[in-house]
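Q: I should like to learn how to read the features of a structure, one at a time. Shall we start with the packing of helices on a sheet?

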Amino acid sequence: MKIISDIQELRDHLRGQNRASFVPTMGNLHEGHLSLMRLARQHGDPVVASIFVNRLQFGPNEDFDSYPRTMQADIDKLEKEGVYILFAPTERDLYPQPQEYRVDPPQQLGDILEGEFRPGFFKGVCTVVLKLFSCVQPKVAVFGKKDYQQLMIIRQMAKQFALPVEIIPGETIRAEDGLALSSRNGYLSTEERQEAPELQKILQEVRQRVIELKERNIKTLADIEQKAVAQLTGRGWQPDYIAIRQQSNLAPSTKESLEADEPLVILTAAKLGKTRLIDNLEI
Ligand code: AMP
């Protein structure tokens, strides 16, 4: 595997390749990330991975400085997956000048759910992803459904800018007890780690309640959301949201969308102690 930090050197190595597949990450790699590398390999060649902890998408009180950086272990894992190039730019490589041009996703997608609780998050994500796409120029790029809203926003960005890249979703990989793998799981204490799978369990209960509803309407869905929030709070979590949304646009259901039986997804973010976890479940 070639490890490259310089944009020009990356371009030199990829010259003439028009089938590359790309998996951007922030490192501290786990099975979830590696499953995306395998998916990428099915859709293009060579596979390019990136590791870059993107300051632009972190809020002032978030964990940019403490975000786990485990480069050597990550390199070993990527070597085993047959990744051809690891692009691991420094901040100076990727942002040699202050990044003043930014990609601002539309409010109705970028300022809801995660965007409401992490202002500017998706602006930072879209900006770095567009820049990484411009560096790698992949034919396909793989993103995890674990970050459901991010996947949707990147898809829309690619579509609206007519980027010549196909966005491929990867399923969420979980620990045996159901907890979605995440670099931030490492922040959990032993007791918190035992409690953490409850987040997915509650989403499964919400799904069951929605499936069994006698009448699906805006009020009955809101009742289910509220009950789930109370359940989490009662267990000592601090939920930011549990929201039952339309899969197609992440908007709340309307009378019309319910009548049309539009597919739904439940999304959640909640803090357990100091650690903020996110998860989702399609219905
Ligand atoms: P991150 O390093 O957290 O920025 O994630 C890089 C990519 O891995 C994103 O597309 C995530 O959605 C994806 N990812 C993170 N956790 C998982 C998981 N448990 N299963 C599948 N994909 C994941």
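A: Packing is read from contacts, meaning heavy atoms within 4.5 Å, and from angles between axes; axes are lines fitted to C-alpha atoms, for helices over the stretch in contact, and angles run from 0 to 180 degrees between N-to-C directions. In this predicted model, helix α2 (residues 31-43) lies across β2, β3, β5 (140-144) and β6, and runs at about 165 degrees to β2. Helix α8 (residues 148-160) also packs on the sheet, touching β5 and β6, and its direction makes about 170 degrees with that of β6.

Q: What is the strand order of the open sheet of six strands?

A: Two strands pair if DSSP finds at least two bridges between them. Here the order is β1-β4-β3-β2-β5-β6, with parallel pairing. The edges are β1 (2-4) and β6 (166-170); each has a single partner strand, so one side of each is left without a neighbour in the sheet. Neighbouring strands of this sheet are turned by 25 degrees against each other on average, direction ignored. Within the sheet, β2 (residues 21-25) and β3 (residues 47-51) run parallel and are joined by five bridges, and T25 stands opposite I51 in β3.

Q: Which residues of β3 are buried on each face?

A: In a regular strand the side chains alternate between the two faces of the sheet. Burial is read from relative accessible area: buried means under 20%, exposed over 50%, and partly exposed in between (1.4 Å probe, protein chains only). In β3, V47, A49 and I51 are buried on one side, and V48 and S50 on the other. Five of the five residues of β3 are thus buried.

Q: How is the length of a helix checked, and what span does α7 have?

A: The expected span is 1.5 Å times one less than the number of residues. Helix α7 (residues 121-136) has 16 residues and should span 22 Å; its end C-alpha atoms are 22 Å apart, which agrees. Since 12 of these 16 residues are buried, α7 is largely enclosed by the rest of the structure. Among the buried residues are F121, F122, V128 and L132. After α7 comes Q137, whose phi is positive, near 50 degrees.

Q: What covers the buried residues of α10?

A: An α-helix has 3.6 residues a turn, so residues three or four places apart point the same way. The buried residues of α10 are E198, L199, Q200, I202, L203, V206 and V210. Their cover includes α9 (190-195), α11 (218-234), β7 (238-246), β8 (264-272) and β9 (275-282).

Q: How are β7, β8 and β9 arranged?

A: They form an open sheet in the order β7-β8-β9, with antiparallel pairing. Because β7 and β9 stand at the edges with a single partner strand each, one side of each is left without a neighbour in the sheet. Helix α11 lies across β7 and β8, at about 155 degrees to β7.

Q: Which residues are closest to the ligand?

A: A residue is near a molecule if one of its heavy atoms lies within 4 Å of it. The ligand is surrounded by 16 residues, the closest being M26, G144, D147, I173 and L181. Polar contacts are pairs of N or O atoms within 3.5 Å; within protein, one must be able to donate a hydrogen and the other to accept it, and residues adjacent in sequence count only if both atoms are side-chain atoms. A polar side-chain atom of D147 lies 2.6 Å from an oxygen atom of the ligand. A polar backbone atom of M26 is 2.9 Å from an oxygen atom of the ligand, and one of I173 is 2.8 Å from a nitrogen atom of the ligand.

Definitions and conventions. Residues numbered from 1 in each chain as written. Predicted model: local features only at pLDDT ≥ 70, side-chain atom pairs only at ≥ 80, totals over all residues. Heavy atoms only, no water. Helix = DSSP H or I, 4+ residues; strand = E, 2+ residues; numbered from the N terminus.
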